[in-house]
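Q: I am new to this structure and would like a guided look at it. Could we go through it step by step?

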Amino acid sequence: METENKILERFITNHTDETLQVIEKLGAEELVEFLKSLPIDISSMLLANLNRLKAAHCIEKADLTFAMELLETCAPSISANILRILDQKLIQTLLEKISSEHSNAIRQILNYPEN
């Protein structure tokens with residue numbers, strides 16, 4: 001099983017665009033389950049490259065702990081772009097739970113107008 005996981009991880013890393021074409025067809029709940037099955041660095045890399053709306057739906061569907069892990073592993077600018085779409089209450093909940101350094105960087109980005 002470990003060998004299969006390493007092959008999958010290498011495929012995703014080397015063929016990210018092809019992987020994205022396949023996984024973007026999944027529903028948000030299926031996609032979250034797939035992302036949970038991968039190491040967090042690969043999951044966050046895929047999340048960062050997903051369509052922003054699809055990424056936001058994944059954050060909504062993920063349990064709070066996994067959503068926090070994904071957002072903390074992404075660059076603050078990526079996390080802010082994903083969060084910008086979400087409900088303010090969910091944004092506040094997530095920002096309160098993640099590390100203060102990352103949260104502050106995201107809040108600073110979110111305070112500026114989108115464009």
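A: A polar contact is a pair of N or O atoms within 3.5 Å; within protein, one must be able to donate a hydrogen and the other to accept it, and residues adjacent in sequence count only if both atoms are side-chain atoms. This is a predicted model, in which local features need pLDDT of at least 70, side-chain atom pairs count only at pLDDT 80 or more, and totals for chains, interfaces and linings use all residues. Residues are numbered from 1 along each chain as its sequence is written, and side-chain values use heavy atoms, with hydrogens and water left out.

Q: Which side chain does E60 join in a polar contact?
A: The side chain of E60 is joined to that of H57, at 3.2 Å.

Q: Where does E60 lie?
A: E60 belongs to helix α5, residues 52–61. Helices here (H or I, at least four residues) are DSSP runs, numbered from the N terminus.

Q: What else is E60 in contact with, beyond its neighbours within four places in sequence?
A: Those contacts are L86 and L90, where contact means heavy atoms within 4.5 Å. E60 is partly exposed, at 40% relative accessible area. Buried means under 20% relative accessible area, exposed over 50%, and partly exposed in between, with a 1.4 Å probe and protein chains only.

Q: Changing topic, how many disulfides are there?
A: The count is zero, a disulfide being a pair of cysteine sulfur atoms within 2.5 Å.

Q: Is C58 buried or exposed? And C74, buried or exposed?
A: C58 is buried, with 1% relative accessibility. C74 is also buried, at 5%.

Q: What about T16, buried or exposed?
A: T16, in helix α2, is buried, with a relative accessible area of 15%. Its side chain has a polar atom 2.9 Å from the backbone oxygen of I12, and the T16 side chain also reaches the backbone oxygen of T13 at 3.3 Å. Setting aside neighbours within four places in sequence, T16 is in contact with F11, M45, L46 and N49.

Q: Which residues of α4 are buried?
A: In α4, residues 40–49, the buried residues are I42, S43, S44, L46 and L47. Their cover includes α1 (2–14), α2 (16–23), α3 (28–36), α5, α6 (64–73) and α7 (76–83).

Q: At what angle do α4 and α6 pack?
A: The angle is about 75°, and the axes are 9 Å apart. Axes are lines fitted to C-alpha atoms, for helices over the stretch in contact, and angles run from 0 to 180 degrees between N-to-C directions. The two helices, α4 and α6, are therefore roughly perpendicular, a label that covers 65 to 115 degrees.

Q: Which residues make that contact?
A: I40, D41, S43, S44 and L47 of α4 meet F66, E69, L70 and T73 of α6.

Q: Finally, which residues touch the most other members of the largest nonpolar core?
A: In that core of 31 residues, they are L46, L47, L50, I59, L83, L86 and L94. A nonpolar core is a set of buried Ala, Val, Leu, Ile, Met, Phe, Trp, Tyr and Cys residues joined through side-chain atoms within 4.5 Å. The largest share of this core comes from α6, with five residues.

Q: What does L50 touch?
A: Not counting residues up to four places away in sequence, L50 touches L20, I23, E24, L31, A55 and C58.

Note on methods
Angles under 35 degrees count as roughly parallel, over 145 as roughly antiparallel, 65 to 115 as roughly perpendicular and the rest as oblique.
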